[in-house]
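I'm opening a structure that is new to me and jotting down what I look up as I go.

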Amino acid sequence: MQHTLSLIVENKPGVLARIAGLFSRRGYNIESLAVNTTETPNLSRITLVVNGDEKVLEQITKQAYKLIEVIKVNDFTSVPVVERELALIRVKSDASTRRAIIDLVEIFRASIVDVSDKDLIIEVTGDSEKIDAFKKNLEPYGIKEMVRTGKIVMERGLKL
């Protein structure tokens, strides 16, 4: 089962390396990773997606709390969240395919951010399923390159 975890950590050099080391030493693969500062400049949020059962999740959480820089660990797996990823996709495009690709961009509410004679770079944001569906629809045109961020999440509802 996939788990989406959010760790609030001190914004110090080496913290990400220690978190990643914690996972690799135990043989857990990080499927997705996003890191940035929070609304509090001395804190960062690490959002990651890992596979495992409840026992794996419990082990990860316990080990993370042993790291002095870890302030809080949240599991968003069973919580209603707003989830987003960003992808930039370079797709082959010429006069014969451009209109069809633009139609797909409009359907998926994506944006064309660069145009050349031979390709387009498209920016798309949304949940993982939307990004996967958009990519699948572009594959027949020839995806030349793709870069994708890790998942970020925020719990739905009013937080006081």
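Entry 1: I started with S3, which is mostly covered: 7 of its 9 residues are buried. A reminder to myself is that I'm reading a predicted model here. By the cut-off I'm using, buried means under 20% relative accessible area.

**Entry 2: what sits beside S3.** Which strands does S3 pair with? I found that S1 and S3 pair in the antiparallel sense over 9 bridges. On S2, I noted 7 bridges to S3, antiparallel again.

**Entry 3: Leu 48.** I picked out Leu 48 in S3 and looked for what faces it. Leu 5 stands opposite Leu 48.

**Entry 4: the whole sheet.** Next I wanted the strand order. The sheet is open, has 4 strands and runs S2-S3-S1-S4, with antiparallel pairing. Its edge strands are S2 (30-37) and S4 (70-75), each of which pairs on one side only. I put down the twist as well: from one strand to the next it averages 15 degrees.

Entry 5: How many bridges hold S1 and S4 in their pairing? I got 5 bridges, in the antiparallel sense, with S1 covering residues 2-10.

Entry 6: Helix H1 (residues 15-25) lies across S1, S2, S3 (43-51) and S4, and runs at about 20 degrees to S3. Helix H2 (residues 54-66) packs on the sheet as well, where it touches S1, S3 and S4. I noted the direction of H2 against that of S4 and got about 165 degrees.

**Entry 7: a patch on the surface.** Last, I went looking at the outside. Leu 86, Leu 88, Val 113 and Val 147 form a nonpolar patch there. Together they have about 290 Å² of accessible area. I placed Leu 86 in strand S5, which spans residues 81-92.

Is Leu 86 buried or exposed, or partly exposed? Its relative accessible area is 30%, so I filed Leu 86 as partly exposed.

Definitions and conventions. Residues numbered from 1 in each chain as written. Predicted model: local features only at pLDDT ≥ 70, side-chain atom pairs only at ≥ 80, totals over all residues. Heavy atoms only, no water. Pairing = 2+ DSSP bridges. Helix = DSSP H or I, 4+ residues; strand = E, 2+ residues; numbered from the N terminus. Axes fitted to C-alpha atoms, helices over the stretch in contact; angles between N-to-C directions. Contact = heavy atoms within 4.5 Å. Buried < 20%, exposed > 50% of the residue type's maximum accessible area, 1.4 Å probe, protein only. Patch = residues over 30% accessible without salt bridge, like charges linked within 9 Å, V, L, I, M, F, W, Y side chains within 5 Å. Areas by Shrake-Rupley, 256 points an atom, 1.4 Å probe, with all protein chains shown as cover. Salt bridge = Lys/Arg side-chain N within 4 Å of Asp/Glu carboxyl O.
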